[in-house]
Amino acid sequence: MKDIFDTNVLCNKCNIKTNKAAILKDGFRLRYFECPKCTQRWYHPSDIKEYEEFKILKQRIFSVKLRMVGNSFSVTIPREIIEFEERFTQLEKEIDQIMRLSLDEPGKICLYFKKDLEEENGKER
Ligand SMILES: [Zn+2]
């Protein structure tokens, strides 16, 4: 199936060819067409859909249990998060079972699905 991004899009106001670009927002790569004249943007529909789903998931607070397993503790990660992450990482072709965990600040633990999180933060590409 051909993707919308394979085609050329004309700005309906200026009637000139738009440029393809992408921004990184909350770790999401959002592709868009931009008119070089009036700077109107049209985002890729599936990128926006995924991002909207993420925003809904982000607002949810999950209650999880901490269990002792040998000398460690385990927490259950809600299925919604894993399913979302799997789809997302599949798109990014970076499936990795090993996650990184760090103590961010007292009372806050960070769990990373992606390896290269630092270099992606806040960078436009
Ligand atoms: Zn325009």
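Trainee: How many bridges join S2 to S3, and do the two strands run parallel or antiparallel?

Mentor: This is a predicted model, in which local features need pLDDT of at least 70 and side-chain atom pairs count only at pLDDT 80 or more, while totals for chains, interfaces and linings use all residues. Residues are numbered from 1 along each chain as its sequence is written. Strands are DSSP runs of E with at least two residues, numbered from the N terminus, and two strands pair if DSSP finds at least two bridges between them. Here 3 bridges join S2 to S3, and the strands run antiparallel, with Glu-34 standing opposite Arg-41 in S3.

Trainee: Which residue is the bridge partner of Ile-23 in S2?

Mentor: Leu-30 is that partner, and the antiparallel pairing of S1 (residues 19–25) with S2 comprises 7 bridges. The hairpin of S1 and S2 leaves 2 residues between the strands, and Asp-26 in the turn has a positive phi of about 50 degrees.

Trainee: What lies between S2 and S3 in their hairpin?

Mentor: There are 6 residues between those strands, and Thr-39 takes a positive phi near 60 degrees; Lys-37 also lies in this loop, between S2 (28–34) and S3 (41–43).

Trainee: Why does Lys-37 count as exposed?

Mentor: A residue is exposed if 12 or fewer other C-beta atoms, placed from the backbone, lie within 10 Å of its own, and Lys-37 counts as exposed because it has 12 such neighbours. Contact requires C-beta atoms within 7 Å; leaving aside neighbours within four places in sequence, Lys-37 is in contact with Cys-11, Cys-14 and Ile-16. The C-alpha atoms of Lys-37 and Cys-14 are separated by 7.2 Å, although the residues are 23 apart along the chain.

Key:
Helix = DSSP H or I, 4+ residues; strand = E, 2+ residues; numbered from the N terminus. Buried ≥ 20, exposed ≤ 12 C-beta atoms within 10 Å, placed from the backbone. Contact = placed C-beta atoms within 7 Å.
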